[in-house]
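Open the model in your viewer and keep the selection tool at hand. The stops below say what to select and what is there.

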Amino acid sequence: MSAEEGATDLTVAPSAWRQLAGSLRDHLRHPGLAVGTGLLGVLFVVALIAPWIAPYPPLKTNMSNTLAPISGAHWLGTDQFGRDVLSRILLGTQVSLQVAFAVVALSLTAGTLIGAIAGFAGGWIERITLVIIDILLAFPGFLFALALVAARGSSLESVIIAVAIAFTPRVAAVMRSVVLTIKPRPFIESSRAIGMSEWRVLWRHVIPNALPPVIVVATVSAATAILAEAGLSFLGLGVQPPTPTWGNIIADGNALITTNPWISLSAGFCIAIAVIAFNLLGDGLRDTLDPQMKRQTGRGLL
Amino acid sequence: MTTSTTAPVLSIRGLTTTFPGPRGEIVIVDDVSLDVGRGETLAVVGESGSGKTMTFHSALGLVPSPGRVVAGQVLLDGADLLRLSPRELRQRRGAEIAIVFQDPLTALNPVFTIGDQIGEVLRAHTRLSRAASRRRAIETLERVHIPDPHRRVDDFPHQFSGGMRQRALIAMAIALEPKILVADEPTTALDVTVQAQVLELLAGLKRETGMGLVLITHDLGVVARHANRVAVMYAGRVMEQGTAERVFENPRHPYTLSLFRSIPHLDTPAGIDLTPIEGVPPNPALLPPGCAFEPRCFLAGGRDVCSARRPALTPSDVPEHLSRCWHWTELAADRSPS
């Protein structure tokens with residue numbers, strides 16, 4: 001039987017697409033998920049087009065117009081160097097979302113692999129991995145990231161790597177425990193009985209079944225990653241000025257909080273929005289990915 | 001058995017599997033020898049926990065840790081499966097010897113389509129492309145009488161009924177036309193009409209492909225209708241083995257006879273009590289030194305030989321009818337009154 005002969009059968013039946021679309025619709029009916037996805041969508045678009053919609057170049061100082069109040073020309077005023085705060089906040093969205101997505105991608109990949117292998121292999125591999133995970137979890141995540149950034153020098157990559165390493169053990173711990181519940185299921189045994197290798201069983205059967213709870217953890221950790229980046233930048237250990245990030249905008253406005261509170265408050269507001277969006281998304285995914293848990297977090301939001 | 005007309009395809013010799021227990025090794029499969037020929041159906045019967053399933057899991061190297069196979073040979077076309085490297089064994093599992101598992105509701109992976117899971121068997125063993133294996137999956141679904149296989153191949157397991165899932169599992173098992181198919185209680189989870197369909201399907205596939213079929217079951221009705229030969233297991237040992245006809249007509253082990261007596265028959269008058277087997281299946285860690293069935297046996301009656309010495313599986317009145325009982329001749333003498 002040649003591959004060409006069978007080629008016509010490869011096309012997925014149209015009903016499969018309709019099913020997929022239908023399930024997407026079902027998922028978006030969940031209020032928390034819909035609001036979270038919507039907010040993140042807006043943030044994402046803002047991050048993409050920030051350089052074009054920013055009313056002023058975010059790095060351009062104007063010493064003749066420092067600490068301008070809120071006005072039609074500067075919607076959120078200017079900071080102590082005369083830079084437009086709104087433009088800086090719009091550009092700051094880029095850094096925050098970059099950090100969030102990169103951290104999730106890295107910690108999800110590494111954590112999933114480490115946790116899955118540990119849980120599936122069992123024995124001494126599992127024990128050693130667990131000890132390492134427990135040691136890493138015992139550090140407060142932020143302190144851990146702080147130490148790593150201090151060692152590597154502050155830059156966007158350092159922040160991403162540091163926060164990703166801090167979150168990987170969380171993902172791995174969840175992954176391992178989920179894998180333990182999947183390992184004894186009969187279809188794992190039947191995959192072995194049809195002659196599949198251990199790697200293939202792990203990759204094809206264990207990991208896909210274990211992913212939903214891990215995706216939820218990863219989404220929620222995206223929110224924490226945004227906070228961690230802002231915290232590090234606020235302390236001057238994150239992305240270095242003059243590149244605007246929400247964290248260093250807060251730091252810039254910190255000294256002026258009594259006279260020009262808008263500088264810090266607007267950046268803080270953005271952080272809150274992003275964190276809430278990721279948390280809603282995480283809660284929504286948790287509810288919709290588990291068919292036995294049809295709770296609807298955030299119904300009151302709509 | 002040496003009298004089969006053709007050489008057996010699968011020949012299990014003296015298979016012994018143990019699990020570590022608090023007081024030494026517990027023998028779960030005890031010196032089991034079985035043969036399955038081409039196109040033959042061997043029924044393995046016994047109560048729950050008698051070692052039926054574990055025997056074949058041992059044969060395929062699927063014993064869960066910490067159990068291990070300590071002795072014996074499993075010859076599949078002359079090659080000893082127990083001596084193969086894990087890789088070579090894996091290549092034979094699914095391709096030459098396949099298992100259909102007990103519970104069709106959980107033996108399928110919920111996150112993949114039926115077609116994916118059948119195709120997976122093919123791609124684990126052959127170099128078929130995705131498209132070609134999908135085509136084969138549809139053909140195989142057709143062979144197990146799934147209606148509208150072109151459409152159902154993209155269904156997920158939860159969209160299948162219990163009987164259809166069992167047939168999908170059978171499709172996975174026969175996709176590569178194995179020489180031996182082990183069906184582990186293939187009908188336990190199904191209702192009676194679906195049971196008949198599934199057994200009919202297995203019998204038909206056996207006729208078409210000439211594969212040997214091992215039917216692990218505790219349903220003696222199934223055995224009577226479908227098996228060529230029967231092995232009765234108790235406490236990890238084969239107690240009696242022979243052609244289905246002979247074992248049903250002239251049981252030569254008191255355990256087999258007790259099993260028959262405990263089943264209701266349509267032709268027995270209403271109101272007559274069934275004869276249950278007194279007691280419970282033995283704890284494999286605490287087997288008596290003699291015959292494993294001795295504490296529950298109506299023939300033993302406190303005789304020393306039964307409790308002290310372990311009987312061997314020896315020929316009874318015909319050479320291919322084996323019994324593991326000291327006193328089988330007494331069963332031959334008085335034809336059972338059941």
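## Stop 1: an arginine in chain B

Select B:Arg123, which lies in helix α3 (residues 114–125) of chain B. Keep in mind throughout that this is a predicted model. B:Glu320 and B:Arg123 are 197 residues apart along the chain, and their C-alpha atoms are separated by 41 Å.

## Stop 2: the four-stranded sheet of chain B

Show the strands β1, β2, β4 and β5 of chain B. They form an open sheet in the order β2-β1-β4-β5, with antiparallel pairing. Its edge strands are β2 (24–36) and β5 (79–80) of chain B, each of which pairs on one side only.

Next, select strand β1 (residues 10–21) and strand β4 (residues 68–76) of chain B, which pair in the antiparallel sense over seven bridges. For one position in this pairing, pick B:Ile12, which stands opposite B:Val74 in β4(B).

## Stop 3

Select strand β3 (residues 41–45) of chain B. This strand is mostly covered, with five of its five residues buried. B:Thr41, B:Ala43 and B:Val45 point one way from β3(B), while B:Leu42 and B:Val44 point the other way.

Which strands run parallel to β3(B)? One is strand β8 (residues 212–217) of chain B, joined to β3(B) by five bridges. Here B:Val44 stands opposite B:Ile216 in β8(B). Another is β9(B), joined to β3(B) by four bridges. In that pairing B:Leu42 stands opposite B:Arg229 in β9(B).

## Stop 4

Pick B:Ala231 to find its bridge partner in β10(B), B:Gln241. Together β9(B) and β10(B) make a hairpin with two residues between the strands, and in this hairpin B:Ala235 takes a positive phi near 55°.

Six of its seven residues are buried, so β10(B) is largely enclosed by the rest of the structure. In β12(B), B:Ser323 is the bridge partner of B:Glu240.

## Stop 3: where chain A touches chain B

Show both chains. How many residues does each chain give to the contact? Chain A gives 25 residues and chain B gives 30. On the side of chain A that touches chain B, α1 (3–10), α8 (186–193) and α9 (198–234) each supply at least two residues. The largest share comes from α8(A), with six residues. By class, this side of chain A has 13 nonpolar, six polar and six charged residues.

## Stop 4: two helix pairs in chain A

Keep α8(A) and α9(A) selected. They pack at an angle of about 150°, with their axes 11 Å apart. An angle over 145 degrees counts as roughly antiparallel, so α8(A) is roughly antiparallel to α9(A). Their crossing is right-handed. From α8(A), A:Phe187, A:Ile188, A:Ser191 and A:Arg192 meet A:Val201, A:His205 and A:Val206 in α9(A). These contact residues divide into four nonpolar, two polar and one charged.

Finally, select helix α10 (residues 246–254) and helix α11 (residues 261–289) of chain A. Their axes come within 7 Å and cross at roughly 155°, which means that α10(A) is roughly antiparallel to α11(A). This crossing is left-handed. The contact is made by A:Trp246, A:Ile249, A:Ile250, A:Asp252, A:Gly253 and A:Asn254 of α10(A), and by A:Ile263, A:Ser264, A:Ala267, A:Gly268, A:Cys270 and A:Ile271 of α11(A). Seven of these residues are nonpolar, four polar and one charged.

Methods:
Residues numbered from 1 in each chain as written. Chains lettered and ligands numbered in written order. Predicted model: local features only at pLDDT ≥ 70, side-chain atom pairs only at ≥ 80, totals over all residues. Axes fitted to C-alpha atoms, helices over the stretch in contact; angles between N-to-C directions. Parallel < 35°, antiparallel > 145°, perpendicular 65-115°, else oblique. Left-handed = near helix turned anticlockwise from the far one by under 90°. Contact = placed C-beta atoms within 7 Å. Nonpolar A, V, L, I, M, F, W, Y, C, P; charged D, E, K, R; others polar. Buried ≥ 20, exposed ≤ 12 C-beta atoms within 10 Å, placed from the backbone. Pairing = 2+ DSSP bridges.
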